[in-house]
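Could you walk me through this structure in the viewer, one selection at a time? I would like to know what to pick next and what there is to see at each stop.

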Amino acid sequence: QVQLVESGGGSVQAGGSLRLSCAASGYTYSWACMGWFRQVPGKEREGVAAIYTGGGSTYYADSVKGRFTISQDNAKNTVYLQMNSLKIEDGAMYYCAADVGARCGGTWSRPGRFDYWGQGTQVTVSS
């Protein structure tokens, strides 16, 4: 059973930083496309960033390029999302997702391709 557990959310002022963590367990493949998504009430889930754990290729939404960094620690089976220069519009519930045994590629931001999801961690950005 694949499990994803997010942590690191919280409240921060605009311009501040947070680091989200996603600890993965329960799968035997040594690689996966790991994604971070976010969602606010009434809107669709949005792809923020993804990483292919087999080679380290990274992908970002235009809205976060240059501010967010996705990284991995394979020894800990953990993926991170470092979020800097946070804006009010970055506030959302952030979810970690896994497509085990797959590369990311051009469909990295499509929620439907991911088989496993964490429960989410809330990020609130205030002025």
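## Starting at the aromatic rings

Select W117: this residue is partly exposed, with a relative accessible area of 27%. Keep in mind throughout that you are looking at a predicted model.

F114 is buried, at a relative accessible area of 5%. How far apart are the ring centres of F114 and W117, and at what angle are their planes? The centres are 6.1 Å apart and the planes stand at 65°, so this pair is edge-to-face. Across the whole structure, a search finds five aromatic pairs.

Together with F114 and W117 they form a cluster linked by ring pairs.

R45 lies over the face of Y95, at 3.8 Å from the ring centre.

- **Strand 1 to strand 3.** Five bridges join these antiparallel strands. To see a facing pair, select V5, which stands opposite A23 in strand 3.
- **Strand 3 to strand 8.** Strand 3 (residues 18-25) is joined to strand 8 by six bridges, again running antiparallel. Then pick R19, whose bridge partner in strand 8 is Q82.
- **Strand 8 to strand 7.** Six bridges join strand 7 to strand 8 (residues 78-83), and the two run antiparallel. F68 has M83 as its bridge partner in strand 8, while I70 stands opposite L81 in strand 8.

Stay on strand 8 for a moment. Is this strand mostly covered or mostly uncovered? It is mostly covered, with five of its six residues buried.

Then follow the chain back into the hairpin of strand 7 and strand 8. Four residues lie between the two strands, and N77 takes a positive phi near 50° in this hairpin.

## The two disulfides

Now select the cysteines. How many disulfides are there? The count comes to two.

Zoom in on C22 and C96. These residues form a disulfide with their sulfur atoms 2.0 Å apart. The link of C22 and C96 is left-handed, with -75° about the S-S bond. C22 lies in strand 3 and C96 in strand 9 (residues 92-100), so the pair ties together parts that are 74 residues apart in sequence. C22 counts as buried at 0% relative accessibility, and C96 counts as buried at 1%.

Move to C33 and C104, which a disulfide joins with an S to S distance of 2.2 Å. Here the link is right-handed, with 110° about the S-S bond. This pair also links distant parts of the chain: C33 sits in strand 4 (residues 32-39) and C104 in the loop between strand 9 and strand 10 (116-117), 71 residues apart. Both C33 and C104 are buried.

With both links displayed, you can trace the pairing pattern. If the bonded cysteines of the protein chain are numbered in sequence order, the pairing is 1-3, 2-4.

## Last stop: V123

Finish by selecting V123, which is found in strand 11 (residues 121-126). Is V123 buried or exposed? At 1% relative accessibility, V123 counts as buried.

Show the surroundings of V123 next. Leaving aside neighbours within four places in sequence, the residues in contact with V123 are G9, G10, L18, L20, M83, D90, G91, A92 and Y94.

To end, draw a distance between the C-alpha atoms of V123 and R103. These two residues are 20 residues apart in sequence and 27 Å apart in space.

Notes
Residues are numbered from 1 along each chain as its sequence is written. This is a predicted model: local features need pLDDT of at least 70, side-chain atom pairs count only at pLDDT 80 or more; totals for chains, interfaces and linings use all residues. Side-chain values use heavy atoms; hydrogens and water are left out. Two strands pair if DSSP finds at least two bridges between them. Buried means under 20% relative accessible area, exposed over 50%, partly exposed in between (1.4 Å probe, protein chains only). Contact means heavy atoms within 4.5 Å. Rings of Phe, Tyr and Trp (its six-membered ring) pair if their centres lie within 6.5 Å; planes under 30 degrees apart count as stacked, over 60 as edge-to-face and the rest as tilted. A charge sits over a ring if NZ of Lys or CZ of Arg is within 6 Å of the ring centre and within 35 degrees of the ring normal. A disulfide is a pair of cysteine sulfur atoms within 2.5 Å.
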